[in-house]
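Please look over the sequence and the model shown here before reading the report.

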Amino acid sequence: MDFSKQRITVLVVDDEDDICWAFETGFKHEEFDVVTVRTGEKAIEMIKKNDYPIIILDSKLPGIDGFEAATIIKEINPDAYIIIFTGFYDREDKEIQEGLESGLFYDFLCKPFELDDVSRIVKKVINSIS
């Protein structure tokens, strides 16, 4: 899909209101839009209806966790770039390494992280798909 002529919307999935608020307000003036949802189930529902080329996904969610949600998202949209973030895993943990090596995850962020780090990763993806 050619994204060079349209503004990309990034889907952020996190059950914490303050994290969603930080993404919504912190990226107001970026070259991409942000939509937030609180559950993996809601994210999957939205991805079935809309094209979100970049998904920022918390690993720990109520109901379907981030790992299961990522697997389902990739089945719906194999071209999606999933950036997983968590305060429970480290980059060297088996689950994260397997996800990165298999291509399930494009990148990984450990909480706490800076919004600048997220912005850098998102812009890298945008530049690669434009």
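## Basis of the values

This is a predicted model, in which local features need pLDDT of at least 70 and side-chain atom pairs count only at pLDDT 80 or more, whereas totals for chains, interfaces and linings use all residues. Residues are numbered from 1 along each chain as its sequence is written, and side-chain values use heavy atoms, with hydrogens and water left out.

## Helices α2 and α3

Helices (H or I, at least four residues) and strands (E, at least two) are DSSP runs numbered from the N terminus. In helix α2 (40-49), the buried residues (buried meaning under 20% relative accessible area, exposed over 50% and partly exposed in between, with a 1.4 Å probe and protein chains only) are Gly40, Ala43, Ile44, Met46 and Ile47. Seen down the axis of α2, these buried residues fall within an arc of 165°, so they line one face of the helix; the arc is that of the directions from the helix axis to the C-beta atoms. On the other side of α2, Lys48 and Lys49 are exposed. The cover over the buried residues of α2 includes β1 (9-13), β2 (33-37), β3 and α3, where contact means heavy atoms within 4.5 Å.

Helix α3 spans residues 66-76, and its residues Gly66, Phe67, Ala69, Ala70, Ile73 and Lys74 are buried. An α-helix has 3.6 residues a turn, so residues three or four places apart point the same way. The buried residues of α3 pack against α2, β3 (54-58), β4 (81-86) and α4 (94-102). At the start of α3, a side-chain oxygen of Asp65 comes to within 3.1 Å of the backbone nitrogen of Phe67.

## Packing of α2 with α3

Two packed helices are described by the angle between their axes and the distance between the axes. The axes of α2 and α3 come within 10 Å and cross at roughly 5°, the axes being lines fitted to C-alpha atoms, for helices over the stretch in contact, with angles that run from 0 to 180 degrees between N-to-C directions. The helices α2 and α3 are therefore roughly parallel to each other, given that angles under 35 degrees count as roughly parallel, over 145 as roughly antiparallel, 65 to 115 as roughly perpendicular and the rest as oblique.

Gly40, Ile44, Ile47 and Lys48 of α2 make the contact with Ala69, Ile72, Ile73 and Ile76 of α3. The residues of this contact of α2 with α3 divide into 6 nonpolar, 1 polar and 1 charged (Ala, Val, Leu, Ile, Met, Phe, Trp, Tyr, Cys and Pro count as nonpolar, Asp, Glu, Lys and Arg as charged, and the others, Gly among them, as polar).

Thr86 lies in strand β4 and is buried, with a relative accessible area of 0%. The C-alpha atoms of Thr86 and Ser59 are separated by 5.5 Å, although these residues are 27 residues apart along the chain, and their side chains are joined by a polar contact of 2.7 Å. A polar contact is a pair of N or O atoms within 3.5 Å; within protein, one must be able to donate a hydrogen and the other to accept it, and residues adjacent in sequence count only if both atoms are side-chain atoms. Not counting residues up to four places away in sequence, Thr86 touches Asp58, Ser59, Phe108, Leu109, Cys110 and Lys111.

Tyr81, also in strand β4, counts as partly exposed at 21% relative accessibility. Phe88, by contrast, is placed in the loop between β4 and α4 and is exposed, with a relative accessible area of 63%. Leaving aside neighbours within four places in sequence, Phe88 is in contact with Lys60 and Asp93.

The peptide bond from Lys111 to Pro112 is cis, with omega near -5°, and Pro112 is found in the loop between β5 (107-110) and α5. Within helix α5, Ser119 is buried, with a relative accessible area of 6%, and a polar contact of 3.2 Å joins the side chains of Ser119 and Glu30.

Lys123 is placed in helix α5 (residues 115-129) and counts as partly exposed at 28% relative accessibility. Beyond residues up to four places away in sequence, Lys123 touches Glu30, Glu31 and Phe32, while Ser119 touches Phe27, Glu30 and Phe32.
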